[in-house]
Amino acid sequence: MHPDPHTVLPVSADWWRSAVFYQIYVRSFADGNGDGVGDLTGIRSRLSYLADLGVDALWITPFYPSPMADHGYDVADPRDVEPVFGDLAEFDALLTDAHRLGVRVTIDLVPNHSSHDHEWFQAALTAAPGSPERARYLFREGRGPDGSEPPNNWPSVFGGPAWTRVPDGQWYLHIFAPEQPDLNFANPEVVADLEETMRFWLDRGVDGFRIDVAHGMAKPEGLPDMVPMEDTGLLADHGPGDLRFDQDGVHVVHRRIRAVLDEYPGTMAVGEVWVSDDARLAQYLREDELQLAFNFKLLTADWTVSDLRDAVTDSLAAVSGSPAPACWVLSNHDRPRHVTRYGGGELGTRRAKAAALLQLALPGAAYIYNGDELGMPDVDLPDEALQDPIWERSGHTERGRDACRIPMPWSGSEPSYGFSSQADTWLPMPAGWAALTPEAQAADPASIQSLYRSALTLRASSPAFAGDGLDWVPAPDGCLAFRRPGGLVCLVNLSGAAIPLPEGQVLLASADLGDGTLPHDSAVWLQA
Ligand code: GLC
């Protein structure tokens with residue numbers, strides 16, 4: 001028996017308000033059993049690395065039984081562990097070890113859809129139209145004289161129509177891949193099952209959830225046609241005409257989710273809410289709904305003063321009327337990594353270091369995607385290596401998200417760089433990554449990993465980070481600077497040239513300050 005995980009970490013109602021979370025894309029973090037795919041044993045073996053790095057909590061992406069049509073976001077059984085990733089005993093051991101190290105554990109909850117392999121969907125396929133089995137999903141008759149047209153014009157986020165026809169002629173809705181049928185949240189049985197899944201994991205001691213497609217779930221009455229739109233923006237916010245997302249009924253579900261969390265003091269949920277309208281986003285953050293919602297504005301901002309400044313200002317404005325703090329993200333498993341977005345190579349890494357100081361100086365919670373701390377870039381993969389369903393669904397016009405999901409390098413000089421005991425990994429790792437590994441970076445005080453470690457130590461210990469909010473302060477052209485109430489000043493130089501350092505005691509810099517100047521594409525923290 002493992003010790004009760006609740007007894008290890010103190011219950012603190014709002015530990016998440018300024019926490020630094022570390023996103024583990026389970027397939028790509030660490031492989032413990034040598035099959036080339038990351039797993040729970042691999043995560044467990046790297047927990048001390050994460051504790052040393054200084055993160056407060058983990059978000060582990062789905063590790064539930066799944067046929068992997070969308071790499072685990074197609075869940076066949078939300079209350080078990082996929083054998084490729086381990087088993088429940090291994091999960092419990094991971095949770096206990098993490099808590100012992102002072103690291104909290106949050107996991108993905110995927111309510112909007114199940115896998116087509118879920119027993120409910122299998123039962124729905126063999127049941128008759130109009131049956132209770134079909135009422136857990138969104139089955140409809142087609143349009144046109146013989147019903148051979150989809151019930152409405154909704155596109156799938158992954159390309160093609162959002163409907164697939166079954167042999168008896170009915171169609172079912174899938175906002176994502178056909179292997180991910182949407183559940184019917186107007187059916188109380190569906191909501192009850194979600195609550196059961198939450199309790200299953202909360203009883204084991206998890207500290208919270210990341211809620212997948214948290215702006216999905218509710219569908220409009222009658223499933224009317226939506227404003228036709230090009231559906232190229234993967235997981236983008238398509239705005240108010242997009243009837244697939246952000247329907248008012250979704251808040252009923254969030255209140256149910258929150259009510260369950262409230263039975264487990266100290267637990268929380270963060271939502272993946274792709275809603276750019278500030279007032280609508282804030283609705284998800286009401287007192288009885290989500291504690292956090294990702295601010296995707298930094299994730300989509302270019303490396304320009306105006307983009308970064310707007311991203312910060314708008315994100316703070318979005319949460320200003322709600323009880324929630326902001327929640328900052330530079331990269332995740334769905335978008336190009338920021339080293340690459342910022343130009344790649346040395347320049348991309350240099351900017352990524354500066355961005356780390358920007359992100360970690362902001363008030364609120366922050367999410368680090370595994371490999372951010374190593375400066376991992378995207379990798380261009382050959383066609384035959386691509387695995388994301390988007391590649392097939394788009395008729396090979398969109399390459400999908402594999403480039404940002406390459407396994408993490410840990411040590412050594414050749415693939416798989418200590419990720420696995422074998423060289424072959426589920427997505428191939430490139431040559432030339434020896435310098436990216438923690439083994440190589442740990443000893444170098446100028447590495448991006450050392451910067452992250454110092455930044456997280458300071459953030460956790462320095463009174464300069466106290467207080468909510470920030471004030472923009474004057475900065476040279478092409479730079480941005482803000483001050484936190486505790487006295488922290490963060491200055492980012494995007495001017496293309498070195499600038500004089502302002503007054504104040506330097507706490508940390510993303511580049512060598514040498515002659516008392518802040519070089520281009522770098523950032524500094526000062527106590528002023
Ligand atoms: C979320 C996940 C993404 C997944 C999709 C469907 O956006 O982040 O990876 O493909 O939901 O579950």
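I began at the ligand and found one of its oxygen atoms 2.5 Å from an N or O atom in the side chain of Asp70. I note at the outset that the model is predicted.

I then looked up two further side chains at the ligand. A polar side-chain atom of Asp334 lies 2.5 Å from an oxygen atom of the ligand. For Arg401, I read 2.9 Å between an N or O atom of its side chain and a ligand oxygen. I also looked up the cover of the ligand: taken alone it exposes 310 Å², and the protein buries 100% of that.

Next I turned to the shell as a group. I found 15 residues around the ligand, of which Asp70, Asp212, Glu272, Asp334 and Arg401 come nearest. By class, I recorded 5 nonpolar, 3 polar and 7 charged residues in this shell.

I followed Glu272 along the chain. I located Glu272 in the loop between strand E8 (268-271) and helix H7 (278-283). Is Glu272 buried or exposed? I recorded Glu272 as buried, because its relative accessible area of 3% is under the 20% limit. I also checked Ala293, which is 21 residues from Glu272 along the chain; their C-alpha atoms are separated by 6.2 Å.

I then examined a sheet. I found that 3 strands form an open sheet in the order E4-E6-E5, with antiparallel pairing. I identified strand E4 (139-140) and strand E5 (163-165) as the edge strands, each of which pairs on one side only. Between E4 and strand E6 (residues 171-173), I noted 2 bridges. I found Arg140 opposite Trp171 in E6. As background, I recall that strands of a sheet pair through backbone hydrogen bonds.

Which peptide bond did I record as cis? I recorded the bond from Pro415 to Ser416, with omega near 5°. I placed Ser416 in the loop between helix H12 (389-393) and helix H13 (438-442).

I looked up Asp246 and found a positive phi of about 55°, although this residue is not a glycine. I located Asp246 in the loop between strand E7 (208-211) and helix H6 (250-262). I counted Asp246 as buried because its relative accessibility is 14%, under the 20% limit.

For Asp521, which is not a glycine, I read a positive phi of about 50°. I found Asp521 in the loop between strand E17 (517-518) and strand E18 (522-527).

Notes. Residues are numbered from 1 along each chain as its sequence is written. This is a predicted model: local features need pLDDT of at least 70, side-chain atom pairs count only at pLDDT 80 or more; totals for chains, interfaces and linings use all residues. Side-chain values use heavy atoms; hydrogens and water are left out. Two strands pair if DSSP finds at least two bridges between them. Helices (H or I, at least four residues) and strands (E, at least two) are DSSP runs, numbered from the N terminus. A residue is near a molecule or strand if one of its heavy atoms lies within 4 Å of it. A polar contact is a pair of N or O atoms within 3.5 Å; within protein, one must be able to donate a hydrogen and the other to accept it, and residues adjacent in sequence count only if both atoms are side-chain atoms. Accessible areas come from the Shrake-Rupley method with a 1.4 Å probe; for residues, only the protein chains shown count as cover. Ala, Val, Leu, Ile, Met, Phe, Trp, Tyr, Cys and Pro count as nonpolar, Asp, Glu, Lys and Arg as charged, and the others, Gly among them, as polar. Buried means under 20% relative accessible area, exposed over 50%, partly exposed in between (1.4 Å probe, protein chains only).
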